[in-house]
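This report describes the chain shown below. Headings mark the topics.

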Amino acid sequence: DSQKEIGEIEKERMILQNDLESKTGEYVKKSEEFDEVTLGCDYKISKYTAEIKKLESKLEKLTEEKDKKILYLQSRNTELYLKLESFEERYNNQVEVSKTLQNELQSSFVETNSLIREMEMLNLMFAELEHRIFSSDSKVVNDDENVEVTQNGKQIKVDEVLKVAQSTETSPSLLQQSCFNEVTTQNGTKMVLSV
């Protein structure tokens, strides 16, 4: 019986030994596969880590360039804004100067027209006086007041001559002559201020 029990034990030991060897082989195989997977993962992790570092470096560089560009654009915008303000101020000043000049020009135009009318009247009066003085054959009697002696020795009453010149209708020939630099009279050519 003892021998039989020993045989059974030995048989069971052999089964267990075979099972242990089989399990050990599977473990070694699984361990090798695990090592291969681990190596593959480590390689991939290392590769991805290197790629991430490259991307981080590139991102940092791009961020730095972007910040520089933003600062440049901000500075440029400030410069352009200041120039725009300067141009607006200069434009407003030019508008004010233009308005002032326009007002002065209008005022000067009115004054010029008034002076032209006055000069035309003076020219006509002067021409009429010349015409009446040198075309008159009668001599005027001296009076104590309002007497003027001309270069040719004739004496005239200024007030009366002016009244006559103003009340007398102007002849077209005298008006035409008064528009030139010279007025021709019976006693020669006289220079008249023309307008």
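## Buried residues of H1

In helix H1 of this predicted model, Asn123, Leu124, Met125, Ala127, Glu128, Leu129, Glu130, Ile133 and Phe134 are buried; buried means under 20% relative accessible area, with a 1.4 Å probe and protein chains only. Of the 195 residues of the chain, 9% count as buried.

## Span of H1

The 134 residues of H1 should span 200 Å at 1.5 Å a residue, and the distance of 189 Å between its end C-alpha atoms agrees with this. The expected span is 1.5 Å times one less than the number of residues in the helix.

## Elements and contacts

Three helices and four strands make up the secondary structure of the chain, in the order α-β-β-α-α-β-β from the N terminus. Helices (H or I, at least four residues) and strands (E, at least two) are DSSP runs, numbered from the N terminus.

Of the contacts (heavy atoms within 4.5 Å) between residues at least 6 apart in sequence, 47% join residues at least 24 apart.

## Confidence

The mean pLDDT, the predictor's confidence in each residue from 0 to 100, is 77 for the chain, and 69% of the residues score at least 70.

## Basis of the values

Residues are numbered from 1 along each chain as its sequence is written, and side-chain values use heavy atoms, leaving out hydrogens and water. Local features need pLDDT of at least 70 and side-chain atom pairs count only at pLDDT 80 or more, whereas totals for chains, interfaces and linings use all residues.

Key: Buried means under 20% relative accessible area, exposed over 50%, partly exposed in between (1.4 Å probe, protein chains only).
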